[in-house]
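Dear colleague,

Please find below the structure that I am handing over to you. My notes on selected residues follow it.

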Amino acid sequence: MKYFLYILMPMLFLFYGCASTPPDYYKQIKLEMSTARLVGSYPISDSDSANINGYHFTYDKENRHIRIKYLINGKVSDIPPSSFANIPIIKIGYTDTFISRAFFDKDNNKIDLNGIHKERLRLNEDGHVVAIFHYGMDDEVTENKVGVSKYQFSLNKKGWIIKSIRFDSEGNRIIDDQG
């Protein structure tokens, strides 16, 4: 019986531990610089989410986040965004080769952040981000507030971004003291 428990317990842990869904609420959100993806940090319990400023993640069937809401005391923020950290609603879509992130206010109206309403992240065959394209309110390619419409990335063997090249809306490479 004792040996049976030694075998059964790890199997139960693997089955239930791996099948669990990620948390719905986080205290912080960050743009992961090595992968260009948005991730939550410092999980918040559902019961505490109404009293703490944070982020509500909604997931699809594959546990990919499809919507992130910035909440202040449990309600979607109505503060004008100044960074990813306080965009009221980010809607995220997936295809085999792209991830899109579009920005909305608390009433689901399109908004822009630094001149950008939507970003499309191109993925390579391993699912790593190799480029980011910016789109305006009209869904046309546009430049952000510093004149960049596209970032092209070089990756290391782990898929981390090690070099970034920037382009304007005409396709010209932007060369300055930042690259």
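S77 is buried because its relative accessibility is 1%, where buried means under 20% relative accessible area, exposed means over 50%, and partly exposed lies in between (1.4 Å probe, protein chains only). The model is a predicted one, in which local features need pLDDT of at least 70 and side-chain atom pairs count only at pLDDT 80 or more, while totals for chains, interfaces and linings use all residues. Residues are numbered from 1 along each chain as its sequence is written, and side-chain values use heavy atoms, with hydrogens and water left out.

S77 sits in the loop between strand 5 (75-76) and strand 6 (89-94); strands (E, at least two residues) are DSSP runs numbered from the N terminus. Leaving aside residues up to four places away in sequence, S77 touches Y70, I72, P88 and K106, contact being heavy atoms within 4.5 Å. The side chain of S77 also reaches the backbone nitrogen of I79 at 3.0 Å.

Two asparagines deserve a separate note. Most residues other than glycine have a negative phi. N73, however, has a positive phi, near 50°. N73 lies in the loop between strand 4 (65-72) and strand 5, and it is partly exposed because its relative accessible area is 47%.

N108 likewise has a positive phi, near 65°. Its place is in the loop between strand 7 (98-104) and strand 8 (118-123). With a relative accessible area of 41%, N108 is partly exposed.

Yours sincerely

Technical notes
Helices (H or I, at least four residues) and strands (E, at least two) are DSSP runs, numbered from the N terminus. A polar contact is a pair of N or O atoms within 3.5 Å; within protein, one must be able to donate a hydrogen and the other to accept it, and residues adjacent in sequence count only if both atoms are side-chain atoms.
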